[in-house]
Amino acid sequence: MDNNTSCTYDLDLFFTDSLWGKIHLATAGGYIQHEIFNDPKHAETQNNLKNSITTDYDFKLNPNLDKILKLGNPELDLKKMNKEMYLRDFIFYAKKGYFSFDKTYVNRPLDFHYHLVAYPIFSKNNIQNSLSDCYQLKKEEIIYKAFAGPVDMHMLK
């Protein structure tokens, strides 16, 4: 019997990925495998970030966000949407150095596509600049591709 109730929650999950670095995912009722759903590190990370006094990064929003939001929900009225409220947590996590994603197809719990909402801007004073030029170009290319549409978050499957 499957007692995983992850589809009934909008969870904030935190990962470190070799490609993206630090990732925040808002699950919006998406199915999450048991090991991730039951892992207390996500709540601990969230609490630590909320209580953190570390310096914030600058951030940017996905320039195609409105188009992607309509892709996930064609009936969404962007004029009536409280965008400031929607963006608040994604911006918060981007300022803490996380690439912040939201679930694209909210009404499909078994779909693992997420779209980039907000991301940190790294400066000369942080560790990201110690990356090789090749890796930095690859990272910029990946971010650019994430602007266009949803990304499959295979780590959740």
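I began with D89 and looked up its accessibility: at a relative accessible area of 28%, D89 is partly exposed. I note that the model is a predicted one.

Next I looked up the partners of D89. One of them is K50, with which D89 forms a salt bridge; the closest N and O atoms are 3.9 Å apart. D89 sits in helix α4 (residues 83–95) and K50 in helix α2 (residues 41–50), so this pair ties together parts that lie 39 residues apart in sequence. K50 is also partly exposed, at 42% relative accessibility.

D89 has a salt bridge to R88 as well, at 3.8 Å from N to O. Through shared partners, the salt bridges join K50, R88 and D89 into one network.

I then asked how many salt bridges a search of the whole structure finds. The count is four. One of them links the side chains of D66 and K83, at 2.3 Å from N to O. D66 belongs to helix α3 (residues 65–72) and K83 to helix α4, so the pair ties together parts 17 residues apart in sequence. For accessibility I wrote down 32% for D66, which is partly exposed. K83 is partly exposed too, with a relative accessible area of 29%.

I turned to the backbone at A28. Its phi is near 45°, a positive value in a residue other than glycine. I kept the entry because most residues other than glycine have a negative phi. A28 is found in the loop between β2 (21–26) and α1 (34–37). Is A28 buried or exposed? A28 is buried, with a relative accessible area of 18%; the cut-off for buried is under 20%.

I checked the two faces separately. F99, F101 and K103 are buried on one side, and S100 and D102 are buried on the other.

Then I looked up which strands pair with β4. β2 runs parallel to β4, and four bridges join them. In this pairing I found H24 opposite S100 of β4. Strand β5 (residues 113–121) pairs with β4 in the antiparallel sense, over four bridges. Here the bridge partner of D102 is H115 in β5.

Conventions. Residues are numbered from 1 along each chain as its sequence is written. This is a predicted model: local features need pLDDT of at least 70, side-chain atom pairs count only at pLDDT 80 or more; totals for chains, interfaces and linings use all residues. Side-chain values use heavy atoms; hydrogens and water are left out. Helices (H or I, at least four residues) and strands (E, at least two) are DSSP runs, numbered from the N terminus. Buried means under 20% relative accessible area, exposed over 50%, partly exposed in between (1.4 Å probe, protein chains only). Two strands pair if DSSP finds at least two bridges between them.
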